[in-house]
Amino acid sequence: MSDERGSSRSVVERARTVIPGGAQTGLRAQAYDLGEIAFSGATGTTLETVEGETFTDYHLAFGPVVLGHGHPEVDDAVTETIDEGVLYGAATTPLEVEVAERVVDLLPSAERVNFCNSGTEATYHAIRLARAYTGNDRVIKFEGCYHGWHDYVDVGVYPPKERIGEKHPESAGMLPEAVEHTEVLPFNDPDAVEAALEEFDDVAAVICEPIPHSVGCLLPEEGFLASLREATAENGVPLIFDEVITGFRHSAHGIQDEFGVTPDLTTLAKAMGNGYPVAAVCGREELMAQAGGDNTSGVVISGTYSGHPVGLAAARETLRLLDEESVVEEISALGERYREGLEGLFAEHGIEGRVVGYGSVFAPQFGVTGEPRRYEDVLRLDEATFEEFARRMRERGQFFTPNPYKRQHLSWAHGEAELEGYLAAADEVLGSMMGT
Ligand SMILES: Cc1ncc(COP(=O)(O)O)c(C=O)c1O
């Protein structure tokens with residue numbers, strides 16, 4: 001096989017012959033709709049194709065890259081760590097202790113921490129801990145919330161209109177019993193949660209994204225998260241906050257700190273490692289201690305690569321910077337300016353739509369107005385117009401996923417120049433789309 005990178009088109013053609021769908025995930029393959037792209041470089045805010053074409057990146061790999069691509073302090077920490085040794089797989093390491101201590105210091109809910117490599121593993125572990133603790137099986141989740149691809153939670157995430165309110169499995173091949181044991185409720189509806197907790201006496205956990213960014217941005221209404229805390233506590237059911245997106249991107253202390261609601265268990269991934277594979281489940285000592293056995297008793301949390309030094313070195317530096325520098329304040333303030341700028345352009349060009357978001361996350365949505373409260377409110381958006389917007393923005397060097405239900409992200413590397421470039425491109429694109 002040749003070492004030459006070839007053209008994006010040739011890489012995509014080869015990919016399609018050896019990789020199902022031509023990319024590692026279906027959502028990544030979707031970027032092909034914008035043209036045939038293969039990426040081979042990323043620095044700061046810039047993504048580079050194999051031909052050397054560059055884009056300002058607002059996708060940021062679905063959000064992890066909170067400091068910017070290739071942040072030198074994070075990358076140096078990784079290099080120094082692997083110079084010492086790559087994997088030990090026995091006993092403990094000073095590095096895992098240091099990162100666990102940082103997580104315990106930062107997050108209100110974290111008394112004990114277990115590391116793993118993906119958000120999916122973290123939510124799986126959290127649910128297993130909750131099931132073991134309660135002796136119950138049923139999981140309550142919310143429509144539009146994504147918690148990874150395992151059978152326990154990949155239900156009612158993006159159901160089509162006609163399946164709203166049902167236990168809609170997102171994948172073929174899922175175990176029917178797992179789907180059956182997952183209740184899907186509308187977000188922002190405390191009465192539905194109370195009713196479900198009353199109806200079922202076998203609930204093991206309530207799991208939610210405190211801000212469901214998996215469908216752009218649904219903001220929790222005043223008191224909703226507190227009502228979850230209250231109802232679960234009353235019923236002896238562990239509350240799991242899936243902070244895989246919100247954790248560290250919206251606050252170094254988790255969105256739980258900002259919203260003043262402390263769950264029993266929290267799952268973390270994405271922003272904690274600035275793009276390196278690292279994730280965690282953490283929470284109350286009583287729940288987490290169930291995993292302290294020897295794999296023959298209690299809850300098994302296992303994994304050859306769990307607590308891998310590469311991810312943990314990245315997490316140590318990323319969390320240090322998030323804790324000690326004003327990263328979150330700066331990217332959140334910039335996010336506000338992107339939202340305001342886009343809203344101004346929507347008004348100027350007479351576009352029916354809205355710009356949703358929080359902190360450093362934003363999502364222009366066409367054909368819908370008003371604040372979305374639940375999944376149904378997002379589903380009504382105009383997909384074709386967003387796809388055209390994404391395509392034309394890419395032609396002007398601005399990259400984000402063409403999936404109209406997803407979101408755009410900012411990193412610490414983004415600044416005035418990127419903001420100006422984005423808004424100038426959006427002005428042109430929206431003007432030409434509207435003929436204004
Ligand atoms: C809120 C949330 N939870 C869990 C996951 C799963 O994480 P991973 O893709 O690392 O398995 C994701 C991924 O997008 C997510 O957004």
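Colleague: Which residues surround the ligand?

Modeller: In this predicted model, where local features need pLDDT of at least 70, side-chain atom pairs count only at pLDDT 80 or more, and totals for chains, interfaces and linings use all residues, the ligand is surrounded by Ser118, Gly119, Thr120, Tyr146, His147, Gly148, Glu209, Ser214, Asp242, Val244, Ile245 and Lys270. A residue is near a molecule if one of its heavy atoms lies within 4 Å of it. Residues are numbered from 1 along each chain as its sequence is written, and side-chain values use heavy atoms, with hydrogens and water left out.

Colleague: What is the distance between the side chain of Asp242 and a nitrogen atom of the ligand?

Modeller: An N or O atom in the Asp242 side chain lies 2.6 Å from that nitrogen atom. A polar contact is a pair of N or O atoms within 3.5 Å. For Lys270, a side-chain N or O atom is 2.9 Å from an oxygen atom of the ligand. The protein buries 82% of the 390 Å² that the ligand exposes when taken alone, by the Shrake-Rupley method with a 1.4 Å probe.

Colleague: Why is helix 11 called largely enclosed?

Modeller: Buried means under 20% relative accessible area (1.4 Å probe, protein chains only). Since 12 of the 16 residues of helix 11 are buried, the helix is largely enclosed by the rest of the structure. Among the buried residues are Pro309, Leu312 and Glu317. Their cover includes helix 3 (72–84) and helix 12 (327–348), where contact means heavy atoms within 4.5 Å. Helices are DSSP runs (H or I, at least four residues), numbered from the N terminus.

How values were computed:
Polar contact = N/O pair within 3.5 Å; in protein donor to acceptor, adjacent residues only side chain to side chain. Buried < 20%, exposed > 50% of the residue type's maximum accessible area, 1.4 Å probe, protein only. Helix = DSSP H or I, 4+ residues; strand = E, 2+ residues; numbered from the N terminus.
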